[in-house]
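Reader: Please show me the model. I want to go through the metal site, the sheet and the pockets.

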Amino acid sequence: MKRIDHIAVAVPNLESALAYYRDTLGLECIGIETVEEQGVRVAKLDAGNTHIELLEPIGPETPVGKFIAKRGAGLHHICMAVEDIDHELDRLKQCQTRLIDNEPKIGAGGARIAFVHPASTGGVLMELSQPSPDGSH
Ligand code: CO
């Protein structure tokens, strides 16, 4: 793992958060999409050599909805880019890492993703992401 793909921030309202990040902070929004499997609407912002993703839950019973209800808006996860997510998951399992996703799922931009439990990473929810071959993520 050599690069942060994105840092994700959980927000209750995507439009108001996006207005601040884009119009006040000056970050360019490069796309908004709904990722049903993760239960979020995502606004992706260009942050130079990485991205910031604003995550709005699509309902209160989604993981991000529960996160906001319990802890409020804030830093949700850090995502590391990986070249071969199957290999990385196998490697982490052998290292007794606690995984949330034992198998990859489909995330924003068609990337193959999996989450690592904060219990193994010093309290930080960590996502691994293998970009889709067309490079859209
Ligand atoms: Co993410």
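Author: The donors of the cobalt ion are spaced H-x70-H-x49-E along the chain. This is a predicted model: local features need pLDDT of at least 70, side-chain atom pairs count only at pLDDT 80 or more, and totals for chains, interfaces and linings use all residues. Residues are numbered from 1 along each chain as its sequence is written, and side-chain values use heavy atoms, with hydrogens and water left out.

Reader: Which residues coordinate the cobalt ion?
Author: Donors are N, O and S atoms within 2.8 Å of the metal (3.2 Å for Na, K and Ca); water is not among the atoms, so sites may look incomplete. Contacts to the cobalt ion run from 1.9 to 2.1 Å. The coordinating residues are His6 (NE2), His77 (NE2) and Glu127 (OE).

Reader: How many residues apart are histidine 6 and glutamate 127?
Author: Strands (E, at least two residues) and helices (H or I, at least four) are DSSP runs, numbered from the N terminus. Histidine 6 sits in strand E1 (residues 3-10), and glutamate 127 in strand E8 (residues 126-130). The pair links distant parts of the chain, with a separation of 121 residues.

Reader: What is the order of the strands in the open sheet?
Author: Two strands pair if DSSP finds at least two bridges between them. The sheet has 8 strands with mixed pairing. Strand E2 (28-35) and strand E6 (105-106) stand at the edges with a single partner strand each, so one side of each has no neighbour in the sheet. The order is E2-E3-E4-E1-E5-E8-E7-E6.

Reader: Which residue in E8 is the bridge partner of cysteine 79?
Author: E5 and E8 pair in the parallel sense over 4 bridges. E7 and E8 run antiparallel, joined by 5 bridges. There, arginine 112 has glutamine 130 of E8 as its bridge partner. For cysteine 79, the partner in E8 is glutamate 127.

Reader: Why is E4 largely enclosed by the rest of the structure?
Author: On one side of E4 lie His51, Glu53, Leu55 and Pro57, and on the other Ile52, Leu54 and Glu56; all are buried. E4 is therefore largely enclosed, the count of buried residues being 7 of the 7.

Reader: Which residue in the turn between E3 and E4 has a positive phi?
Author: E3 and E4 run antiparallel and are joined by 7 bridges. They form a hairpin with 4 residues between them. The phi in question is about 80°, and the residue is glycine 48.

Reader: What is the volume of the largest pocket?
Author: On a 1 Å grid over the protein atoms alone, a pocket is an open set of points where a 1.4 Å probe fits, with protein on both sides within 12 Å along at least five of seven lines; lining residues have an atom within 4 Å of a point. The largest pocket is lined by 29 residues, of which Val64, His76, His77, Phe115 and Leu125 lie nearest its centre. Points are joined across faces, edges and corners, and a volume is the space filled by probe spheres set on them. For the largest pocket it is about 590 Å³.

Reader: Which element gives the largest share of that lining?
Author: Elements giving two or more residues include strand E3 (40-46), strand E4 (51-57) and helix H2 (63-71). The largest share is 5 residues, and it comes from H2.

Reader: What is the volume of the second largest pocket?
Author: Its lining residues include Met1, Lys2, Arg3, Glu83 and Pro131. The volume of the second largest pocket is about 220 Å³.

Key. Buried means under 20% relative accessible area, exposed over 50%, partly exposed in between (1.4 Å probe, protein chains only).
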